Structures are given as structure tokens and as C-alpha cells.
Amino acid sequence: MNSIADSSQLLEHCIQQTSVPGRPVDYRGKVRDIYYLDPNRMAIVATDRISAFDHIFNEPIPFKGQLLNQLAWYGFRRIEDICTHHVLEVPHPNVTIARKCHPLPVEVVVRGYLTGHAWRVYKEGGRLLCGQSLPEGMRQHEAFPNPIITPSTKAHEGHDEDISEDEIIARGLVSGERWTEIREIAIRLFRRGWNVAHEKGLILVDTKYEFGLSDDELVLIDEVHTADSSRYFYADGYEERLEKGKSQKQLSKEFLREWLIESGHHATLDQKLPVLPDDLRISIYNRYRELYEKLTGETFIPVSTKEFNRWLGDLLAK
Ligand SMILES: Nc1ncnc2c1ncn2[C@@H]1O[C@H](COP(=O)(O)OP(=O)(O)OP(=O)(O)O)[C@@H](O)[C@H]1O
Ligand SMILES: [Mg+2]
């Protein structure tokens, strides 16, 4: 595996989907291709696909998979004292060998700030989000007095939907006892993620956790505190921008969502997917890389993906 020295080759280095002759993928998510290795282990390949508003775009983002997978691994290592996580091994920058769990059917969204979906609800006059009441008189991007949990259902198809904590228990998606454990852990994870970011001059704004069960043990699965699952702002100048009602620089997938909304594509997304221009793809790559480098304090060294399918075939044949 050679590192990429020349950034002009970036767009040639994308994994839109994996393919191994004679070995179909077991599950293809919006971003990840999953191969089951045995009843207890799975190989999760973070591809370079990008999705927004539940649509997967046809143009991948160079090295997004490596950036995400490695950022998740960085994040998981920082929460090990709070919760068991699913990572067994990271044998390649795009790949995590994980403990196969039974995913719980809720996404545990934790919000420290009035941003994104929460702001859209608030702006329209809504003061209740997922059963949580929101304080009066808040500004966009302002911090909540304490982080709030605004879960959503994990829909197999279509959009995830907001759900209240009471509803999760009433519908039997998760038992009351288990939910108490989850909410306590989720808040601790968020505070940890916030502290890790804060040390690096960033603000963890909000994030989404997924949990699974393995032999009745609660396990943090999927990814943690990455650019796909979280929003980050720069800490420097945050207060000033807030006071002046200015927007905050987004170091996350929000950048793509903003592009879609501003270019008017958001409204037509269900009929026609826009082609992501090359310069936008490179800008998104740069945002992901910037977050990776800021958080980890390390320079990102991309690894060529030209031989990736062969590498994967060898892994799966073992
Ligand atoms: N350790 C694990 N055990 C079982 N399932 C897992 C584990 N880690 C992640 N998953 C599941 O693997 C999938 C990861 O793929 P990806 O992130 O691309 O999916 P997604 O598009 O976000 O979600 P979905 O495919 O559910 O719509 C998710 O469905 C996630 O719940
Ligand atoms: Mg996912």
C-alpha cells in the first residue's frame, strides 16, 4: 500500500462500493459495506459514499472512508472507561473488524446546542422536541443548559423519525431499565466527546450513538464522534459569532447539507439527485481531513485504495 503524494489524483481514489468475486456483500448501508466473518464478528468497510437527507450520492468523497473509520477508532479509544465498544481490530484504514451485535432500533441523538433539526423546529415555534421541552428565548447555536437526548427511530427504509423517551419504552423498542442505562451512558459519552474536542479547540455540538446488545451486554456500535455522526464548531470565536448572530463554520457533513439547501437542490432531492461537482467533493474531503487532523493532532496520510478489493478478498478468504 503506497501513500498518495499527489493530491491531483484524489478523485481517482474512491471506493463507491466494494466488490469481491464470489463473495456478495452481506449488508450495504448508506456508507458501509458489511461482510459477516462468523456469527460473532463482522468486517465493516467504510466506503467513500456520502449521504445527506437519506439520499446516497453517486459521487464519492476521496478518502472519506479512511477518515471516518480512523476517526471512529480514535473516538472509541477515548470512551473505553464509559462503555464497551464493538471494535476488535482495525486491519486497514477503511476497515473495522467488529463484534457483531443486535442493534437496538433507536438512534440516540444527544444535543448540546440549538442547531440543525432542533433549531428548525424551534424557529417554527416548536418548544417540544422528542418529549423534551426547550427553554424560551434561545438563539440559533446557543448551548442548552444541559445536553438533551432527542432520539429517533432507526427506520429500515425512509426517514428516521423523532421519538420521545416515553414512546421508546411504551412501544417496547427498549426496556425502561435498559433505556435508563443508555441515557446515562449517552450523556457521559457526549461530555467526554465534548471535552476531547474542547482540548483541540473544537466544540462537539451534537452527535448520534447507536447501541447493540451482545449476550445482554450493552455495546456502543457503528461509529462515534465522527464527521458523519456529529457536528463540530470551532471554539475560537464561537461566542462572538453567537452574539453577532453569525453562522458557525461547520466541520461536518452539515457542509454538504448547506450546499444542497443553498443551491436549491434540497427541495428536488426526492425526484432528482444532483451531481456533486468535483470542487465540492474536494472541499468536503478537506473538511473531513481538517476535522481528523484537528481532533487527532496527526497529519492524515491517505492510503491508496487501488488494490482495495483484492486486499478485502484476501481478508475474507482467511
Ligand atoms: N457492531 C455492530 N453489530 C451489528 N450491526 C452494526 C454494528 N455496527 C454497525 N452496525 C450496523 O451496520 C450498519 C452500518 O452501515 P451504515 O452506517 O452505512 O448504515 P446507515 O445507512 O447509517 O444505516 P442503515 O443501513 O441502518 O440505514 C448500520 O445499519 C449499523 O446499525
Ligand atoms: Mg450509519
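Here is a quick tour of this structure, from its ligand to its cores and a few individual residues. Keep in mind that this is a predicted model. Ligand 1 has 17 residues around it, and the protein covers 88% of the 600 Å² of accessible area that the ligand has on its own. Elsewhere, the largest nonpolar core brings together 59 residues, and a second, separate core has 11.

**Around ligand 1**

- Start with the residues that come nearest to ligand 1: Tyr27, Lys30, Val31, Arg32 and Glu210.
- What is the make-up of the shell around ligand 1, in nonpolar, polar and charged residues? There are eight nonpolar, two polar and seven charged residues in that shell.
- Two strands each put at least two residues into the shell: strand 2 (32-38) and strand 3 (41-46).
- Lys30 has a backbone N or O atom 2.8 Å from an oxygen atom of ligand 1.
- For Lys154, a polar side-chain atom sits 2.8 Å from an oxygen atom of the ligand.

**The nonpolar cores**

- As background, nonpolar side chains tend to be buried together in soluble globular proteins.
- Which residues have the most contacts inside the largest nonpolar core? They are Leu189, Tyr209, Phe211, Leu220 and Leu256.
- Leaving aside neighbours within four places in sequence, Leu189 is in contact with Ile79, Ile82, Cys83, Tyr209, Phe211, Leu220 and His225.
- The second, separate core of 11 residues includes Phe308, Leu312, Leu315 and Leu316.

- Most residues other than glycine have a negative phi, which makes the next two worth a look.
- Asp216 is not a glycine, yet its phi is positive, at about 70°.
- You'll find Asp216 in the loop between strand 14 and strand 15.
- His225 isn't a glycine either, and its phi is also positive, at about 55°.
- Look for His225 in the loop between strand 15 and strand 16.
- Is each of these two buried or exposed? Asp216 is exposed, with a relative accessible area of 60%, whereas His225 is buried, at 6%.

- Arg178 lies in helix 4.
- With a relative accessible area of 14%, Arg178 counts as buried, because buried means under 20%.
- Where does the side chain of Arg178 reach? It gets to the backbone oxygen of Asp216, at 3.0 Å.
- Not counting residues up to four places away in sequence, Arg178 touches Leu213, Asp216 and Leu218.

**Ser152, in a strand**

- Ser152 belongs to strand 13, which spans residues 152-153.
- Its relative accessible area is 9%, so Ser152 is buried too.
- If you leave aside neighbours within four places in sequence, the residues in contact with Ser152 are Pro105, Val106, Glu107, Val109, Asp160, Glu161, Asp162 and Ile163.

Note on methods. Residues numbered from 1 in each chain as written. Chains lettered and ligands numbered in written order. Predicted model: local features only at pLDDT ≥ 70, side-chain atom pairs only at ≥ 80, totals over all residues. Heavy atoms only, no water. Near = heavy atom within 4 Å. Polar contact = N/O pair within 3.5 Å; in protein donor to acceptor, adjacent residues only side chain to side chain. Areas by Shrake-Rupley, 256 points an atom, 1.4 Å probe, with all protein chains shown as cover. Helix = DSSP H or I, 4+ residues; strand = E, 2+ residues; numbered from the N terminus. Nonpolar A, V, L, I, M, F, W, Y, C, P; charged D, E, K, R; others polar. Core = buried A, V, L, I, M, F, W, Y, C linked by side-chain atoms within 4.5 Å. Buried < 20%, exposed > 50% of the residue type's maximum accessible area, 1.4 Å probe, protein only. Contact = heavy atoms within 4.5 Å.
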